Amino acid sequence: MSKIKIIPLGGVREDGKSLFVVEVEESIFVLDCGLLYPEEGLLGIDAVIPDFTYLKENAHRVVGIFLTHGHDDAIGALAYLLEEVDAPVFGTKLTLEFAKLIAKEQGKTDVHPDFIEVDHQTEIEFDDATVSFFKTTHTIPDSVGIAIHTPDGAIVYTGDFKFSPSASPLYQTDFDRLTQLGSQGVLALLSDSASAESTSENISGMEVFESITETFMNAEGRVIVSSVGSNIERIQQVLNAADISKRKVFFANGYVYEMVDIAIKLGKITLPRKDLIVDIQHLDKTPSNEVVIIQTGNVGEPLSQLQRMALNRHRRVSIKEGDLVYIVTTPTTAMETVVSKTKNMIYRAGGLVKELANDLKTSGHGTPNQLQLMLNFMRPKYFIPVNGEFRAQRAHGALAKQLGYQDNEVFVLDIGDIVEFNNGKAALTGQVEAGNVLVDGSGVGDIGNVVLRDRRILSEDGIFVVVATISRRLGKVLVGPQITSRGFVFMKASTDLIKACSDMTLDILEDHLDRKDFEWGLLKSDLREQIGKYLFKETKRRPVVLPIIMEASNYQPSKKEAPNRPNK
């Protein structure tokens with residue numbers, strides 16, 4: 001019997017940030033390494049990535065990083081991990097090329113890992129296990145599932161998948177391989193749960209294509225398509241529909257153009273005609289009824305760019321009267337407020353809005369019937385629902401129990417949980433250090449709850465700055481206090497409040513200057529606390545109070561110097 005552990009460092013109880021650790025004896029196999037784009041509450045944060053502490057501590061045991069597909073939720077944090085762990089990266093051609101492109105966008109050009117191309121027929125032998133791959137259907141070509149073969153059975157990770165009998169050859173699932181894996185024996189299945197709560201089946205890609213084509217044919221003016229950039233299947237459908245409707249395609253951002261260019265060179269996107277894609281510089285010279293503009297991004301980014309277009313702040317495109325904005329990617333429920341706000345802005349600019357999701361149910365993830373079909377193919381001894389929010393994992397676990405699985409055979413895990421296999425029996429045996437690491441610009445992990453709290457307060461209640469210069473040698477306030485406020489109150493209309501805070505500041509400064517045990521930290525703390533309490537009492541708001549107190553050690557008083565406060 002082998003010593004086997006499965007540890008999710010991401011991708012459970014959340015919709016993204018996939019990273020799963022499989023340990024077989026002394027070898028560690030890393031499955032995917034994705035990121036999560038932040039919700040609105042994480043002000044200024046660019047991305048959320050997994051905590052790599054456990055992998056850093058065991059870096060010498062990592063034999064490889066294995067990728068399922070080229071979406072950010074599966075590969076977006078790879079460059080950050082490779083700064084901490086030196087290990088080869090295995091993936092299909094398109095997945096590896098997209099991983100390199102994402103690393104370049106993140107400024108990680110100094111990371112040069114050993115990229116090893118695989119396909120669905122590849123088998124790689126390691127000391128403690130053999131790794132193989134199988135084709136899956138998703139919204140991007142070259143998607144694969146991963147199987148780690150051990151003496152006790154295979155650990156199978158599906159990645160994101162759905163079943164689509166009408167899928168084109170680039171997207172087809174290898175059903176024979178699924179049957180083969182199930183017959184060989186699967187110890188544990190880690191399966192995509194994102195659409196486990198869906199109440200309807202996905203429609204076929206052909207129906208989506210026909211709907212997009214009809215929309216393009218009926219639109220009288222320009223069509224601005226909003227999509228997630230890495231949804232290559234949708235980009236192909238848009239290109240095909242533009243060709244049929246005699247329109248030309250313009251890309252509003254350069255990043256997606258690079259992605260499409262890579263996909264075309266690798267044969268993963270087919271251009272219906274050579275002159276279909278036109279440089280954005282020629283947009284104004286093209287008749288409106290011959291234009292399709294593709295605006296893409298990640299999660300909420302397409303919507304934020306549409307808002308810029310509506311406000312005439314986008315550097316390439318502005319929404320004008322008669323434009324149709326066509327949202328062809330289904331937004332998450334967390335984005336509903338943003339979608340409504342964006343629609344209002346588009347209508348005010350003179351455009352119209354249409355959502356593909358209002359007419360058709362389409363997703364890159366398996367519906368409940370398809371998830372149960374995957375379970376029937378694999379027939380695992382143990383089941384671990386992954387890649388979904390907690391409620392989706394629970395729903396997926398319930399689907400497994402409908403097929404006869406018992407409570408002790410289904411593990412709904414949290415980040416850092418350890419599932420350990422001994423003598424073929426699985427049990428939760430503990431946790432490793434895990435969680436979220438926030439990325440803000442070039443900073444990784446240097447933003448914590450305190451900084452986020454201050455950002456939230458700044459965005460809601462503003463800042464109140466108190467500036468003064470003192471001399472401890474003379475025991476007096478030399479200059480100030482000068483008070484500035486941003487986002488809190490209108491200064492000219494709040495003279496009484498400002499005067500009261502100025503007097504309070506002088507009292508606190510003079511009190512501390514009279515003390516023999518003067519402490520800078522205590523002085524600033526008193527200023528923040530007492531001024532903050534007074535401002536809340538008067539306004540019921542809590543701005544960030546920022547005292548800036550400077551010392552002039554070489555100051556020489558003038559005989560004509562005026563006092564700091566008027567005589568009473």
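Student: What follows α8, and what is its phi?
Tutor: Glycine 267 follows α8, and its phi is positive, near 75°. Helices here are DSSP runs of H or I with at least four residues, strands are runs of E with at least two, and both are numbered from the N terminus.

Student: Before we go on, what should I know about the source?
Tutor: This is a predicted model: local features need pLDDT of at least 70, side-chain atom pairs count only at pLDDT 80 or more, and totals for chains, interfaces and linings use all residues. Residues are numbered from 1 along each chain as its sequence is written, and side-chain values use heavy atoms, with hydrogens and water left out.

Student: Back to α8. Which of its residues are buried?
Tutor: Val256, Met259, Val260, Ile262 and Ala263. Buried means under 20% relative accessible area, exposed over 50%, partly exposed in between, with a 1.4 Å probe and protein chains only.

Student: Where do they sit around the axis?
Tutor: On the same side of α8, because they cover an arc of only 155°. The arc is taken from the directions from the helix axis to the C-beta atoms.

Student: New topic. How many residues are in the largest nonpolar core?
Tutor: It has 70 residues. Those with the most contacts inside it are Leu55, Ile65, Phe216, Val249 and Val292. Such a core is a set of buried Ala, Val, Leu, Ile, Met, Phe, Trp, Tyr and Cys residues joined through side-chain atoms within 4.5 Å.

Student: Where does this core lie relative to the domains?
Tutor: Domain 1 (4–199 + 363–444) and domain 2 (205–355) both give residues to this core, so it lies between them. The bounds come from an automatic or database domain assignment.

Student: What does leucine 55 contact?
Tutor: Leaving aside neighbours within four places in sequence, its contacts include Leu9, Leu19, Val30 and Leu81. Contact means heavy atoms within 4.5 Å.

Student: And α12: how many of its residues are buried?
Tutor: Eight of the 11 residues in α12 (residues 368–378) are buried, so this helix is largely enclosed by the rest of the structure. What covers them includes β9 (130–135), α5 (175–184) and α13 (390–402).

Student: What comes just after α12?
Tutor: Arginine 379, with a positive phi of about 45°.

Student: Where is aspartate 32, and is it buried or exposed?
Tutor: Aspartate 32 lies in the loop between β3 (27–31) and β4 (47–50). At 0% relative accessibility, aspartate 32 counts as buried. Its phi is positive too, near 65°.
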